Structure formats: structure tokens, C-alpha cells
Amino acid sequence: MQKTPQTPIGSGFGPRTTAMEALRQADLTGQTAVITGGHSGLGLETARVLAEAGAKIIVPARSVTAAQAAIASIPGAEAELLDLTDPQSIDSFAERWIRSGRPIHMLIHSAGIMAVPQQYDSRGNELHFSTNYLGPFRLTARLWPALRLAGGARVVVLSSRAHQFSPVVFEDIHYKERSYDKWSAYGQSKTADALFAVELDRRAQAYGVRAFSVHPGSIVTSLARHLSDEELMTMGAINEQGQRQYTKYDSERKTVQEGAATIVWCAASRQLDGMGGVYCENVDVSPLIDEHQTGMAGVHPSAVDAKAAERLWSIGEALTGIHFDIS
């Protein structure tokens, strides 16, 4: 199958494009979007904009009560119980969904953690890797019948420019042999997310399912809850009133409305019909940049490498204990 080139397509959009503008009055009536993290920050804005275009919104969350309160203004939106670090919780949600017989047209992996102290899940997996990669891997595997049933679906995985901090260190993913660094661990998990989209797209496109990874930009949301005020001040993310928000915006620092733009574009734009397996930012496919270049727009080759993606898929199967059978 033909691989989509990792090069901009000239979408006509850019860093200041909002999510509403990126959809261009798309009609998503009759389509269903499942959005993890859809009750806050970028996920909530994504849910709101897709709903305004006609999509039915499902928000799985650890706290159904909190999620219901957050999405109360979105007509018809539903909250479901899901904890991405708990395999039984993922399986229970997926089993309920599959029994319902409903298709999924858009599966958006927006939930995640960033720069947390060294922690491990109950199976001994480093927590960034567990939450940001293994959880979405398992959820996508369990929901595969519903994605295939849609007769044309997209999976959007939130990556980050932080992928430039670290490739996937296959020899020591869980920091058992090397010193732990919260940014390296976060970056590794975001590289894993990009690679997941590469391999999922390769395997699933024959069944009408395409996958994309997204860098939404830098947005001050609850994702930054583990960062100190000093760290945020260095990033220019605290204003004169001491509030956690950017003091100025540019091609990287965005509002929530701008940050959600690339997410909804990858989830629903007709500009991407027939494409997949690419890393996107600023509402376009990103260019490849040299592995030694950091802090700039573009994706490292290690985050879209086909062999690394296939290897990571096997690790995902081994660590989750499930065979992700795409057929």
C-alpha cells in the first residue's frame, strides 16, 4: 500500500487557525466520536467543535460525574467510565461499547500525563509509557470491531513536539537501568504515540481506518499540573497576575481553540482523505527535520520510522498481553 509522504500538503491553514475554522462547516451528522480526555482542555474543545458539526460525542473518563458536569453544555454528549492505566477498566468500557453495536468514526486519544515524578503502574510499566501509549494501544485494539464497522474511520493520537526529547529507548523503556528524567520519559511516550499511528495506519488502511499523530502546540491546560510556577514562568506561561497562561502567543504557543485545530482537522477534514500514518501540526502534515534539531516545527525521523513502529507494536502486544488482530 502507498505510504503518505511526511511532507506538508499546503492545507491553507496555519498556527492561528482555530478548530472551528479547520473544519470549514463540515457535516458530521450521524458520526460518532470517542474522545479520551474530552472533558477538559484540548479534548473538551475538540468535543465541542465536533459536536457543533453534528457528531455524537462520547467522553470516557475516570470520573463520570466530573466528565458529565464538564460536557453538560454539549447536546447529547455522554460520559463513560474509563481509566487508561487499568486494563480491566479499558476492557469493560470496550466490551460495553461492542455489545451496543455502535460504530466509531473518530477515536481521539487526547488524555495523557506530562512530566510526572518517576512512577510505575501495577504491572511495572513506567507511567508515561503506560498512560500515553499502552492505554491507547489497548483501547484501540479492543474497539477495533467498532472502528471497522464504521466503514471509514480515523484514529487520532496526541503526540507532542516533546518527541524531540527522546526516541523510544527499546533497551530500557521503563528506566530500570538509566537515570529517570521526567521530560525524557514524556518525550519517549510521545514518540511512541507517533509510531503507533504509523503502524496502525499501515495495518488498518485496508479496512478503511486511517491514523494520524498530532502535535497541537503548547497550550497551558491541566496537563501542566505537575509543573511548578517557576518552570511555567521560565516557559512564559504565567502572566502578571500570577495566572497560568501564556503572556504572548506565536506559532508554537497557542490558545485552546487553536490547539484543537489540528486534532479536529486530522479527525474529520476531507483534505486528508486517502492519507494517514503521518505526524501533523499547525493544521498540516509536518516536515521531516534532522534528528539533532530540537525546539522547532517538524518531526524527527525516529518518530515516524516504519521499523521502529513495527517493533513498538510488538512491545505493545507483549506488555498488554493482547494480540491486536487487524482483520
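**Salt bridges in a predicted model**

With a relative accessibility of 2%, E199 counts as buried. This residue is one partner in a salt bridge with R203, and a search of the whole structure finds 18 such bridges. The model is predicted. Side chains of opposite charge can pair when their charged atoms come close.

**A pair within one helix**
- The side chains of R203 and E199 meet with an N to O distance of 2.7 Å.
- Both residues lie in helix α7 (residues 182-204), and because they are four residues apart there, about one helical turn separates them.
- R203 is partly exposed, at 26% relative accessible area, whereas E199 is buried, at 2%.

- D273 and R154 form a salt bridge through their side chains, at 2.8 Å from N to O.
- The two residues are 119 apart and link distant parts of the chain: R154 belongs to strand β5 (residues 153-158), and D273 sits in the loop between α10 (261-268) and β7 (278-281).
- R154 counts as buried because its relative accessibility of 10% is under the 20% cut-off.
- D273 is partly exposed, with a relative accessible area of 38%.

- R270 counts as exposed, since its relative accessibility of 66% is over the 50% cut-off.

How values were computed: Residues are numbered from 1 along each chain as its sequence is written. This is a predicted model: local features need pLDDT of at least 70, side-chain atom pairs count only at pLDDT 80 or more; totals for chains, interfaces and linings use all residues. Side-chain values use heavy atoms; hydrogens and water are left out. A salt bridge is a side-chain nitrogen of Lys or Arg within 4 Å of a carboxyl oxygen of Asp or Glu. Buried means under 20% relative accessible area, exposed over 50%, partly exposed in between (1.4 Å probe, protein chains only).
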